[in-house]
Amino acid sequence: MTILRCPISPFDDQKPGTSGLRRPTRVFSAPGYLESFLQAIFEADPPPPGAALVVGGDGRYFADKAAETTARMALANGYARVIIGRGGLMSTPAVSALIRRRGAWGGVILSASHNAGGVDGDFGVKYNTASGGPASQDLGDAIHRRTLALTEYRTLSGPAVDLDRIGEQDLGAGTIEIVDPTTDYLATLEPLFDFPAIAALLKGGFRFRFDAMNAVTGPYAHALFEDRLGAPPGTVMRGRPLPDFGGEPPDPHLDHLAALAAEMFGPEPVDLAAASDGDGDRNMILGPGLVVSPGDSLAVIAANARLLPAFEGGGSFGVARSMPTSRALDRVAEALGLDFHETPTGWKWFSSLLDAGTIRLCGEESFGTGSDHIREKDGLWAVLCWLNILAARGTSVGELLGDHWARFGRDYYQRCDFEGLDADVAGRLMADLGALSASEADALCPDLTVGSIDSLAYRDPVNGASATDQGIRLSVGDRGRITYRLSGTGSAGAALRVYLEQYAGPGEALHHDPRQVLAPLLAAAQTIAGIPARTGLSGPTAIS
Ligand code: G16
C-alpha cells in the first residue's frame, strides 16, 4: 500500500449548500471532482491520531465507487479506521447514530437526499462531525476555501475493497470495517419507544404501509417493522434500494408516491402510511384521505411526547423549528410551557441547541423531524413516534389531528416551489424583495394588508454562530404569513420556495381545504414578488 499524491486543479463551484454539496452525477464523477471535495473536508477538519470515519450512502448510482474512494482517501489523510455500511449503504440518521456510538471523528454521507439519482440524476456529499451533526456553517466555509486552493489529493493504492464482506480489511495504512448498517441504528431507536405496544398494534389488525421509494430505508424498514415489530410481509413497499430509485426522485411527495397515494385516497385506505426519502432523514405521514403537514406532525409529536418512553417523566424540554416551518409548534410550546426556538433552515442550526440540551425535539417544513437521540432528522424515528402515539391513545390519525386542531388551532400551510429558475433572476428577485418596505408591499396587493416585512438574521445562543439573509417573511392579513427563500439543495439553477400560512383558532373553521384557504396568499405572494413577469411561470411548479 502506498500513499499517492495526485495533482488536481482547483474547482470553483464546490461551495456547500443547505446540507453538503450536490451536483449532477456526471459532474461529481468527472476526474478529480469528488476527490477535491473530500480532500478539502479532510484538510479543513483533520482527524486526530487513531480517528475513525463513518461512511454511508443511499445506494444511488456512483455511491459504491465513491465509498471506496472515500475510504482510501480517508486512510491516506490520517484516519486509522473507516466504518462502511455493507454495500456502501447507510442512512443519514444511521450514520449520525454510529458516529456517536463509536466515538468517530466524523462521517461522510454519499447522497443527494431526495434529488433524482442515476447517471443523469444528482450526486452529493454531506459531512458530519464528531457530534453526529452536519458540518457547521463555519466548517462548510472552511471546506469551500480549501477547494479553491487545492493542488493535489491523497489516496491509497492497493487491492479493491470488498464492500459486501462484513468484517475488517487491513489496508496497511489503516483498517476498513464493513458493518450491517441497521444494527446500531435499531439499537439506538429501541429504548426510545414502547416496542411491545407498537408490536401489539401492528399485530392487532391496525393496517400500516411504509414506502421506502427504492432507497436506503428499505432494509431498515423490513428489519424494523416486519422482522422486529411483527407487521405482515408486504407492509414495506419498494423496499429494495436501486441505483436510480426505480426512475423516480426519492422525494416523499404525493407526485412520487402514486401507489401509496392511490391507496390512501382510495376506497380502502390503511390506517397509517408513511414514506421516507433517499437517505432516510425525511418522512411523510399519511392517514386515510389526508397528508399530515410536516409542521402539524412536529406539533402533534411535541404535544404527545410524554407518551413516548424517551420523553416520559423528567422536566420540561425545549423545542425548535426552522423559520419557514409552520407555527403550529409555537402554539403547543406556549400552551404547554415549553422553551421555544426558531432557527434558520438546515439541521446544522439545531445541532448546537441539541448538544447543549437547550432543545430535545425539532423539525422543519421540508419533511424533517428529529430529537436529541442523534444529530440528524430521522424519518423512521418520526414514523415510530406516530405509531407509538396512536398505540398509546387508541385513536386514528384523523381523530388525533382533529383533536389537536380543536385544542391548539390549525395553521393551514403550503409550500409552493417555483423551480428551474435562472440563478441571477432568482437572486435579483430576492434582493428586490429585501429592499421592499411593508407599505410598498401593501400597495402592491390591494386585497390583503401587509403588516410587516423582515429578513431573518440569527445568532446561535450557544456558540454565537450567525447567519443573515435566511429568507424574507411578511405578516399578511389576519394571522397570515408569507415567506420567500431560495432552495439550497438543488444541483443547478435556482428554485424559489414560497411558504404560505394562515392560522385559524380553536372554534374557527378547521377542516377546510388548505388550497382554498391559502389561495389569496398565493396570489398576493406572486404579485408582491412579481414572479410571473420575472420568471415566466404563471404558478408554482410543485406544491407540498
Ligand atoms: C436539507 C437539510 C434540511 C433542510 C433542507 C432544505 O435537507 O438537511 O435541514 O431543511 O435541506 O432544503 P432546501 O434548501 O432545498 O429548502 P436534505 O434532506 O435535502 O438533506
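Reply: In this predicted model, the domain assignment divides the protein chain into domain 1 (3–181), domain 2 (186–408) and domain 3 (410–543). The part to look at is where domain 1 meets domain 3. The centres of domain 1 and domain 3, taken over C-alpha atoms, are 35 Å apart. At the contact itself, eight residues of domain 1 meet five residues of domain 3.

The size of an interface is often given as the accessible area lost when the parts come together. For domain 1 and domain 3 the buried area is about 570 Å², with 41% of it on carbon and sulfur atoms. Strand β2 (residues 21–24) gives the largest share of the side of domain 1 that touches domain 3, namely three residues. By residue class, that side of domain 1 holds one nonpolar, four polar and three charged residues. Despite the charged residues there, zero salt bridges are counted between domain 1 and domain 3. Two residue pairs are in polar contact between domain 1 and domain 3, both at pLDDT 80 or more.

Next, a sheet in the chain. Six strands make up an open sheet with antiparallel pairing, in the order β20-β23-β24-β25-β19-β26. Its edges are β20 (450–455) and β26 (542–543), each of which pairs on one side only. Within the sheet, strand β24 (residues 480–486) runs antiparallel to strand β25 (residues 494–504), and the two are joined over seven bridges.

Notes. Residues numbered from 1 in each chain as written. Predicted model: local features only at pLDDT ≥ 70, side-chain atom pairs only at ≥ 80, totals over all residues. Heavy atoms only, no water. Domains from an automatic or database assignment. Contact = heavy atoms within 4.5 Å. Buried area = accessible area lost by both parts, 1.4 Å probe. Salt bridge = Lys/Arg side-chain N within 4 Å of Asp/Glu carboxyl O. Polar contact = N/O pair within 3.5 Å; in protein donor to acceptor, adjacent residues only side chain to side chain. Helix = DSSP H or I, 4+ residues; strand = E, 2+ residues; numbered from the N terminus. Nonpolar A, V, L, I, M, F, W, Y, C, P; charged D, E, K, R; others polar. Pairing = 2+ DSSP bridges.
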